[in-house]
Amino acid sequence: MVVQDIQASDAEDLRWLRFGWLRSIRERTSTFSVVTATLLLYFGVLGVFELFEDDLPLFEQILSGGTILLCLGAFAMVAFFGLELPMWSGLALIAAHALVSVYYLGFSDERQNAIAAFQELPIMAMYFSWFYGARIARTGVLAIVVVVGAATAIGQFSGPGGLLGPVNIVAAALFTWMCLEAGIFMRHRNRLESHSDELTGTLNRRGFEAKTTLEIRRALRHNRPLSVAVLDLDKFKHVNDEAGHAAGDYVLRAVSAHWMSLSRSTDIVGRLGGDEFAMLMPETDVDEARSLMLRLREYTPHPWSWGVAQVRPDDTAASVLARADAAMYDDKRR
């Protein structure tokens, strides 16, 4: 995998992440909360500098004061108390930044704030794409670019000889969109690498458990059946010992390809580790799942054992996998 190509020197470049206080924050709360709190700290510090400017209108004094209290307060709650910020707080931050940008670009004479609003748009676009995905981020950034661009066009900075001309507006919009697409690509690449098994092309344990958790919620919400099977290759150790690990890898790829090609399009295969796999079967009760396992094993290129469990109302991904794993060992003993 790509992570195996990371050199020691690359890791040293990130040694600041091992700073004790920062490490304790990362252990107590989510990455989303840490990144959002960092942005809030940035905007809060800018608000402090804003208060020291001369001839600041009353509205901007109130705006800066409110920004300081809200942003630095939220940052302190995350940094010192490990507060877990809700996902809607990020959307609120993006919307608030867009509104402030509209004000400074369309209705204010603060030149440096107008420039800052333009510079911050790409950062907010990457933040949007990383934490909220392509569909929400593209819709939101398109709306922001249109509204902020319109405010800039009617503001005093875009007139003849003004600070911002049509070329600046178009360039800022294009660069913001480029940053949005870069964030979407990196999000997709990171999720693909962290949830996929490189050897077989199936989901890895992390990806399979995440998908199982989502499907359990969906099945329970709609009162639909959902079954999970655990599959384990028989005498796989003999293949590695007698023919080598290359032959073992070939068997793993062949069997997993067999499962994926002959199962239904809605079924999900994951590799839990070694020669142990699992299959997620939506809209399938335990009897249907057992019939599917028997059909798959009839044409298998290598013998394997299996166990099936149907999801119960109180199940988690771990509990249903544990029951299917116990049933698999019963099958292996037989």
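Student: Is Asn223 buried or exposed?

Tutor: This is a predicted model, in which local features need pLDDT of at least 70 and side-chain atom pairs count only at pLDDT 80 or more, while totals for chains, interfaces and linings use all residues. Residues are numbered from 1 along each chain as its sequence is written, and side-chain values use heavy atoms, with hydrogens and water left out. Asn223 is in the loop between helix 8 (205–222) and strand 1 (226–233), where helices (H or I, at least four residues) and strands (E, at least two) are DSSP runs numbered from the N terminus. Buried means under 20% relative accessible area, exposed over 50% and partly exposed in between, with a 1.4 Å probe and protein chains only, so Asn223, with a relative accessible area of 68%, counts as exposed.

Student: Which class does Glu283 fall into, with a relative accessible area of 35%?

Tutor: Glu283 lies in the loop between strand 3 (276–282) and helix 11 (286–298), and its phi is near 55 degrees, a positive value in a residue other than glycine. Because its relative accessible area is 35%, Glu283 is classed as partly exposed.

Student: With the side chain of which residue does the side chain of Ser33 make a polar contact?

Tutor: Ser33 belongs to helix 3 and counts as buried because its relative accessibility is 0%. Leaving aside residues up to four places away in sequence, Ser33 touches Val78, Leu83, Glu84 and Leu85, contact meaning heavy atoms within 4.5 Å. A polar contact is a pair of N or O atoms within 3.5 Å; within protein, one must be able to donate a hydrogen and the other to accept it, and residues adjacent in sequence count only if both atoms are side-chain atoms. At 3.3 Å, the partner of the Ser33 side chain is the side chain of Thr29.

Student: At what angle do helix 9 and helix 10 pack?

Tutor: Axes are lines fitted to C-alpha atoms, for helices over the stretch in contact, and angles run from 0 to 180 degrees between N-to-C directions. Helix 9 (residues 236–243) and helix 10 (residues 245–262) have their axes 6 Å apart, and the angle is about 140 degrees.

Student: How many residues of the contact of helix 9 with helix 10 are nonpolar?

Tutor: Ala, Val, Leu, Ile, Met, Phe, Trp, Tyr, Cys and Pro count as nonpolar, Asp, Glu, Lys and Arg as charged, and the others, Gly among them, as polar. In this contact no residue is charged, three are polar, and the nonpolar ones number six.
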